[in-house]
Amino acid sequence: MLDGMEDGTTAATRLAEGAPLRSTLDVTDPGDWLLLDAGVREVAWYRDRSRYRPWLMPEWEPSAPLPADLTRLGESRLALALCHRDGRIRQEAVRRSAEHPGLLPLVVIRCADWAVPVRESARQLLREALDMDSAPGLAPIVLRVGRRDRGAFGVDLLGRVLRRASHERLAALFTDPDRVVRRFAYRLAVEGRLLGPAELARAAARDEDSVVQDLCATAALTALGDEGAYEEAYEDVLPLLLSARSPRTRSAGVTGLRRAGRPAQAEPFLSDRSALVRACARYVVRQQQEGDPAAWYRDRCSAPDAPELPPGAVIGLAECGNRADAGLLRPLLAHPAAGVRARAVAGLRVLDRVDTTLLRPLLDDPAAGVVRETVVALLPSATQLPADWLLERTGSEWPRHVRVGAFRLLDARGGIVALRAAVGLLADPDTKLRTWAGLSVQRWHPSADVRGHEAEAGELLDRSRHLFSDHVLRRRKWEAGADR
């Protein structure tokens, strides 16, 4: 697989030297063909022409005839001719490519060529060559070129061919490693109503691409509605959607419960790990008589020691409750499950009921997720936390997540304390923490609390002089009052 323009020019050079096409680039990767196309012109324009001219085709005057040996080029040299910067060479190479099916990806690229004669010749050849057998292999490059100006022709032609394909041939594209190809194939299948609701639901639950998930889940529910068979088809479709790993697919299934007349079955999803699914579940539950998601959440959060309490129920209460519900969340800060503690912190932040004194002990929590949520909640009030207490927690004897959290809060404070913490971590053995500290020093500017600490600020900046140019270092020290 080629990687960037440099590899494209290297591939062009190797082909010019006679290397076989298939050993030079991955012929199944559309990106390699596009890089080769650009790489040939890069060599022709920007390298030593006298050195490469014998390899990459000579220069011709506009009135000169085309070279006679163009008709006898091998596949590798013909590939270079298809990418040549002279339009007459490209056009003639397109005409000769009919005998080389392996070069059809370059013909596809020429279908979007800026030169009209080249473009028309390539399109005529593609009309003749694109059929049920060649379409699956050419689909990736056709769809990539389709994003370019004048690239719609290939996409339209591919669509016309695949619409005539059998279900089995089109289904082969549903598992293509290229997600753009899968999207295109599923769109054709949905437009042509080639898949039933259960097949669409299975595709939405299986595919890892969010576009395919949305497309197939929506189509599955629409198909059920069109058939008027929600009750009968429930067991075939909705369980597939509701058990999917993707939150978007699960949310579609939850919404489908309302249309299926089963809103009560959405209650377990009120505590889903995804905010999107929880929101859809609350919408569905409210549709049933006396449906009250907030009451459901309060009932589950009222037992702070319940080991089976799902974390999603905790944050769900904050999402639809009111500030008075903070009273139910505070006891959960001591819950044995780390997920519950983390969501309780997040819930207090959502309800704007953050208590610095109450949350401060959680900065030492053994669970990294709890510390992360606590740091986010305390960032707006970082100046209220004792600086020395935070500085102590940046020491190497503390767990990494505690050190990172303490440093984030110190950095948010700014001033001399932030500089002191960052410079102290510049030699830290942890690469990421050391990098973050360096960035903090580089963007540091003195604030009002630096007054009285000018000498210390100058010393700290001198210790980090390797991060600045001489001019910037002098400027920063001058701002801090250490060089006046």
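Biologist: How many aromatic pairs does the count come to in this predicted model?

Modeller: The model is predicted, and rings of Phe, Tyr and Trp pair if their centres lie within 6.5 Å. By this rule, the number of aromatic pairs comes to 2.

Biologist: Is the pair of Phe174 and Tyr186 stacked or edge-to-face?

Modeller: The ring centres of Phe174 and Tyr186 are 4.2 Å apart, and the planes meet at 10°. Planes under 30 degrees apart count as stacked, over 60 as edge-to-face. The pair is therefore stacked.

Biologist: How many residues apart in sequence are the parts that Phe174 and Tyr186 tie together?

Modeller: Phe174 belongs to the loop between α11 (167-171) and α12 (179-191), whereas Tyr186 belongs to helix α12. Both Phe174 and Tyr186 are buried. Because one partner lies in the loop and the other in the helix, the pair ties together parts whose separation in sequence is 12 residues.

Biologist: What kind of aromatic pair do Trp296 and Tyr297 form?

Modeller: Their rings are 5.5 Å apart, centre to centre, with 80° between the planes. Trp296 is buried at a relative accessible area of 13%, and Tyr297 is buried at 0%. Since an angle over 60 degrees is required for the class, the pair is edge-to-face.

Biologist: Which residue has a side chain joined to that of Arg282 by a polar contact?

Modeller: Arg282 lies in helix α17 (residues 275-287) and is buried, with a relative accessible area of 8%. Leaving aside residues up to four places away in sequence, Arg282 touches several residues, including Leu270, Pro293 and Tyr297. The polar contact, of 3.0 Å, joins its side chain to that of Glu319.

Biologist: Over the ring of which residue does the charged end of Arg360 sit?

Modeller: A charge sits over a ring if, among other conditions, CZ of Arg is within 6 Å of the ring centre. The charged end of Arg360 is 4.3 Å from the centre of the ring concerned, which belongs to Trp389.

Biologist: How many disulfides does the structure hold?

Modeller: A disulfide is a covalent bond between the sulfur atoms of two cysteines. The sulfur of Cys111 is 13 Å from the closest cysteine sulfur, in Cys83, which is too far for a bond. For Cys216, the nearest cysteine sulfur is that of Cys280, 18 Å away. The number of disulfides in the structure is 0.

Biologist: What distance does helix α8 reach from its first C-alpha to its last?

Modeller: Helix α8 (residues 116-129) has 14 residues. At 1.5 Å a residue, a span of 20 Å is expected, and the helix comes close to this value. Its reach is 20 Å.

Key:
Residues are numbered from 1 along each chain as its sequence is written. This is a predicted model: local features need pLDDT of at least 70, side-chain atom pairs count only at pLDDT 80 or more; totals for chains, interfaces and linings use all residues. Side-chain values use heavy atoms; hydrogens and water are left out. Helices (H or I, at least four residues) and strands (E, at least two) are DSSP runs, numbered from the N terminus. The expected span of a helix is 1.5 Å times one less than its number of residues. Rings of Phe, Tyr and Trp (its six-membered ring) pair if their centres lie within 6.5 Å; planes under 30 degrees apart count as stacked, over 60 as edge-to-face and the rest as tilted. Buried means under 20% relative accessible area, exposed over 50%, partly exposed in between (1.4 Å probe, protein chains only). A charge sits over a ring if NZ of Lys or CZ of Arg is within 6 Å of the ring centre and within 35 degrees of the ring normal. A polar contact is a pair of N or O atoms within 3.5 Å; within protein, one must be able to donate a hydrogen and the other to accept it, and residues adjacent in sequence count only if both atoms are side-chain atoms. Contact means heavy atoms within 4.5 Å. A disulfide is a pair of cysteine sulfur atoms within 2.5 Å.
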